[in-house]
Amino acid sequence: GVHFATLLWDCCKFYDNVSLHHLDLLALSLGFPPVQLYMAMLMYLAPRVLKVNSCYSKLLAPYNGILPGCPLATRFTKALLYWVLHRLFHDHACQTTQTYIDDLGQRASHQWPLLVRHVLVCAGVALQQVLTAMDLEISDKSTCIASSSRLGTEITRELVRRQVDIKYANH
């Protein structure tokens, strides 16, 4: 039989925590149209006012975050995560990483469960390091692993030992 495991990653408040500086550099390096990027940055960096009932805040100057309702938000998310996928593909070729807008999934399968465990532990640690470097926080509540047999428990135990917060979906 073939053994498999899938790590399902969820970032906390992904859209709110996107570094506009990182986004600007990454989008330009991928050939994003500069005028569209400039217009979006003007919108994202525009001063904001919070209103509760009849009370208004002082002007707030945002420095992070893209707007989920913005037509360009999905394209910006793909630009940000492109380098994550690129690095994982080249450094950990035995696994596949996919994005689902702002969530990621890593999958490995093989007849040898130890190989699946090794591949996903290394790739999971690498993904956490890249996301942390981008100031994106992984949700320890909704990030989980699904697997065949007891492989999920072993991968979870090893990731936790390496300070990666994840839970096993079969529990």
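Helices are DSSP runs of H or I with at least four residues, numbered from the N terminus. In this predicted model, helix α3 covers residues 34-44 and includes Leu42.

**Surface**

Leu42 belongs to a nonpolar surface patch of about 450 Å², made together with Val35, Tyr38 and Met39. Because its relative accessibility is 44%, Leu42 counts as partly exposed.

In soluble globular proteins, nonpolar side chains tend to be buried together. The largest nonpolar core in this model has 45 residues, and the members that touch the most others are Ile66, Phe76, Val84, Leu131 and Ile155. Several helices and strands, among them β1, α3 and β5, each supply at least two residues of this core. Helix α5 gives the most, with nine residues. Leu131 is in contact with Cys11, Leu81, Val84, Leu104, Leu136 and Ile138, leaving aside residues up to four places away in sequence.

**Thr6 in strand β1**

Thr6 is placed in strand β1. With a relative accessibility of 15%, Thr6 falls under the 20% limit and therefore counts as buried. Its side chain is joined to that of Arg107 by a polar contact of 3.4 Å. Apart from residues up to four places away in sequence, Thr6 touches Gln106, Arg107, Leu120, Cys144, Ile145 and Ala146.

The two residues with a stated accessibility are set out below.

| Residue | Relative accessibility | Class |
|---|---|---|
| Leu42 | 44% | partly exposed |
| Thr6 | 15% | buried |

Conventions
Residues are numbered from 1 along each chain as its sequence is written. This is a predicted model: local features need pLDDT of at least 70, side-chain atom pairs count only at pLDDT 80 or more; totals for chains, interfaces and linings use all residues. Side-chain values use heavy atoms; hydrogens and water are left out. Patches are made of residues with over 30% relative accessible area and no salt bridge: like charges are joined within 9 Å, nonpolar side chains (Val, Leu, Ile, Met, Phe, Trp, Tyr) within 5 Å. Accessible areas come from the Shrake-Rupley method with a 1.4 Å probe; for residues, only the protein chains shown count as cover. A salt bridge is a side-chain nitrogen of Lys or Arg within 4 Å of a carboxyl oxygen of Asp or Glu. Buried means under 20% relative accessible area, exposed over 50%, partly exposed in between (1.4 Å probe, protein chains only). A nonpolar core is a set of buried Ala, Val, Leu, Ile, Met, Phe, Trp, Tyr and Cys residues joined through side-chain atoms within 4.5 Å. Contact means heavy atoms within 4.5 Å. A polar contact is a pair of N or O atoms within 3.5 Å; within protein, one must be able to donate a hydrogen and the other to accept it, and residues adjacent in sequence count only if both atoms are side-chain atoms.
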